[in-house]
Amino acid sequence: MRISKTVFRLSALLIGLFAATETFADAESSFYEKEHIRGFISVGGDYRNMNSEHIKYINRLLFAGGKGFVVKDAASGDSTKASFVGDKALSSYDHFDDYYLGLHVNIGAQYKQFLTWFDVNFMPTQVSEGDGATDASWFAYGADWMFGWKLFGENTIINLIPAVGIGFNLLNLHFINSYDILSYDGGAIEDQITVTDMRNRYYSTFAMTFNIELELRFSIDPISIGAYAGYRFIRYNEIEVEDVEYGSSDVNGDTFFIGARVTWTFLSPWQKKQRDRL
């Protein structure tokens, strides 16, 4: 779990830097002038390509064999005797592709060349239709706290902005049927197997993220148009299905992305005062 340790260390470092900045400002040490802070909001979309292990994990969870139902054997006359019957409908579903459209809303602030923002990311639900009781589907959403720097100055028409951030991601899966899950804790099989029923709902797994990106931005204040590319590090663990851990641990859920965004930057309090004087 090296990525988890790295993410937590970076989290502590970034939070410490932010706390230090606030302390300097509150002490009126002229670390920065609050009246020159500008807020901004942006919307964007990108093409996201998933690591091969990432999409295999999703397809394996949703479509791999071994899913089915416990059926009582009434013909034997033994009410406790049962058998497990696999779901043949699984083979009628197409597996999901390793790319999708990412959608983003960013809300943040700029002080001179420094920028910080929250990147709220989500995606259209991916659906595969087949002969089962319902469609197979999945989607993910999350947020990253980003920190960037304008390399070519505060107000240039063309700028290059590298950024890094930390956050979280939530992967959500909907199975095609309300399967019976068998769990075995050791000992005599007849005594130890328990049956848990899936429900008609999404099941989720949570992961920490580390995000890096580089944006090429064209600005005519207050509107900016940017093209960006980057990489988001994610590690997923088992998904919990009705208190039963299902799937694998430490799964590589990384994504590479390339996209575009439009940004609107608001006037700072100082700029508003200058405008009102005219």
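These are my notebook entries on a predicted model of one chain.

**Ground rules**

I number residues from 1 along each chain as its sequence is written, and I leave hydrogens and water out, so that side-chain values use heavy atoms. Because the model is predicted, local features need pLDDT of at least 70 and side-chain atom pairs count only at pLDDT 80 or more, while totals for chains, interfaces and linings use all residues.

**Entry: overall counts**

I looked up the secondary structure and got 4 helices and 16 strands. These are DSSP runs, numbered from the N terminus (helices H or I, at least four residues; strands E, at least two).

I then checked burial. Of the 278 residues in the chain, 38% are buried.

Next came contacts, meaning heavy atoms within 4.5 Å. Among contacts with a separation of 6 or more, 69% are between residues 24 or more positions apart.

The chain exposes about 15300 Å². Carbon and sulfur atoms supply 60% of that area. The areas come from the Shrake-Rupley method with a 1.4 Å probe; for residues, only the protein chains shown count as cover.

**Entry: aromatic pairs**

How many aromatic pairs does the whole structure hold? My search finds 16. The rule takes rings of Phe, Tyr and Trp (its six-membered ring) with centres within 6.5 Å; planes under 30 degrees apart are stacked, over 60 edge-to-face, and the rest tilted.

I opened Tyr57 and Tyr236. Their ring centres are 6.4 Å apart and their planes meet at 10 degrees, so I log the pair as stacked. Tyr57 belongs to helix H2 (residues 52-63) and Tyr236 to strand E12 (residues 223-236), so this pair ties together parts 179 residues apart in sequence. Are these two buried or exposed? Tyr57 is buried at 1% relative accessibility. Tyr236 is buried as well, with a relative accessible area of 1%.

I moved on to Tyr100 and Trp138. The centres are 5.7 Å apart and the planes stand at 85 degrees, so this pair is edge-to-face. Tyr100 sits in strand E4 (residues 99-111) and Trp138 in strand E7 (residues 136-149), so the pair ties together parts 38 residues apart in sequence. Tyr100 counts as buried at 13% relative accessibility. Trp138 counts as buried at 2%.

I also noted one aromatic cluster, formed by Phe114, Phe118, Trp145 and Phe147.

**Entry: charges over rings**

My test asks for NZ of Lys or CZ of Arg within 6 Å of the ring centre and within 35 degrees of the ring normal. The charged end of Arg48 sits over the ring of Phe257, 4.1 Å from its centre. Arg261 has its charged end over the ring of Tyr228, 4.0 Å from the centre.

**Entry: salt bridges**

I call it a salt bridge when a side-chain nitrogen of Lys or Arg is within 4 Å of a carboxyl oxygen of Asp or Glu. The count comes to 10.

Arg199 bridges to Glu242, with the closest N and O atoms 2.8 Å apart. Arg199 lies in the loop between strand E10 (194-197) and strand E11 (203-220), and Glu242 in the loop between strand E13 (239-241) and strand E14 (244-246), so the pair ties together parts 43 residues apart in sequence. Arg199 is partly exposed, at 48% relative accessible area.

Arg235 and Asp254 meet at 2.7 Å, N to O. Arg235 is in strand E12 and Asp254 in the loop between strand E15 (251-252) and E16, so the parts tied together are 19 residues apart in sequence. Arg235 is partly exposed at 21%, whereas Asp254 is buried at 3%.

Arg275 and Asp276 form another salt bridge, with the closest N and O atoms 3.5 Å apart. Arg275 is partly exposed at 46%, and Asp276 is exposed at 57%. Shared partners join Glu213, Glu215, Arg217 and Arg261 into one salt-bridge network.

**Entry: nonpolar patch**

Patches take residues with over 30% relative accessible area and no salt bridge; like charges are joined within 9 Å, and nonpolar side chains (Val, Leu, Ile, Met, Phe, Trp, Tyr) within 5 Å. I found a nonpolar surface patch of about 730 Å², made by Ile41, Val43, Ile107, Ile223, Ile225, Val262, Trp264 and Phe266. Strand E1 (38-50), E12 and strand E16 (255-265) each give two or more residues to the patch. I checked Val43, which is in strand E1. Val43 is partly exposed at 49% relative accessible area.

Technical notes:
Buried means under 20% relative accessible area, exposed over 50%, partly exposed in between (1.4 Å probe, protein chains only).
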